[in-house]
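Here are my notes on the charged side-chain pairs. Please read them next to the structure.

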Amino acid sequence: MIDKLRMTLGVLLSISPIALAQDPLVARVQQRLDQQRERQSKASYSYHTLTLMHTLDRQGNVEKVDTFRNWQRFVNGSLVTDSLVYSSDAKRREREGKKDGKEGKHSQSVELPKLTDPAIECTVGSGADGLAAISFQPRKPKGGDVAGELLVDPATGELRTSTFSMPRLKWPVKEFAMTLDWTEAGGLLFPSYIRMQARWNAIVSSGRIRIETTISDIRVE
């Protein structure tokens, strides 16, 4: 389930890139993000992830917590190695052990929205600790579209924190919220902490989870 959610999030947070000039800060932040995306597509890097997956009941109480430690390596921005270092889930350890040395490839990457897309409305305000807050939302939200806020350094345009929600949920999703803290290493932008909570109710499965992932030991080659 955690791997499917990672893949799904990459789709949920993708917005078509159509350029349109807006607030100067919005344009500067988007330019910086575009530059980062281009650099990352040509870079090789690796990091460790520590993921805590909380299984929740209907009231939001924690029923179970599974721990996963992975080492991931990217070449030209694409995940080429995803090694499970530790898992508290015995079934997951057994599945990994049957791969005959073949490592899974489950990306942790998250696609940020294109702030200058004319389909998105942005407003700029003041955030905590002297940061600027860029709030964004789709002008005509459809099920599964995301809205949120980016906290950025107003002087440099550096991204610090981003939060995401869904104004209109798309079946089978019944709840969705996501927060990311960001850091730069070796001239590249990485999420240092990801927190996602979701609930879904499909025909064959339903559930509620909270996933917290910390990224560390970033090495840019």
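1. Start with Glu184. This is a predicted model. Glu184 has a relative accessibility of 29%, so it counts as partly exposed. Its side chain meets that of Arg32 in a salt bridge, 2.7 Å from N to O. Glu184 sits in strand E8 (residues 173-185), while Arg32 belongs to helix H2 (residues 24-41). The pair links distant parts of the chain, 152 residues apart. Arg32 is partly exposed as well, with a relative accessible area of 24%.

2. Next, Lys114 and Asp34. Their side chains form a salt bridge at 2.8 Å, N to O. Lys114 lies in the loop between helix H3 (90-97) and strand E4 (120-126). Asp34 is in helix H2.

3. Is Lys114 buried or exposed? Lys114 has a relative accessible area of 13%, and the cut-off for buried is under 20%, so Lys114 is buried. Asp34, at 27% relative accessibility, counts as partly exposed.

4. Asp34, Arg37 and Lys114 are linked in a network of salt bridges.

5. Now Asp145 and Lys142. Their side chains meet in a salt bridge of 3.6 Å, N to O. Asp145 is partly exposed, with a relative accessible area of 22%. Lys142 reaches 53%, and exposed means over 50%, so Lys142 is exposed.

6. Finally, the total. How many salt bridges does the count come to? The count comes to twelve. Among them are Glu184 with Arg32, Lys114 with Asp34, and Asp145 with Lys142.

How values were computed. Residues numbered from 1 in each chain as written. Predicted model: local features only at pLDDT ≥ 70, side-chain atom pairs only at ≥ 80, totals over all residues. Heavy atoms only, no water. Salt bridge = Lys/Arg side-chain N within 4 Å of Asp/Glu carboxyl O. Helix = DSSP H or I, 4+ residues; strand = E, 2+ residues; numbered from the N terminus. Buried < 20%, exposed > 50% of the residue type's maximum accessible area, 1.4 Å probe, protein only.
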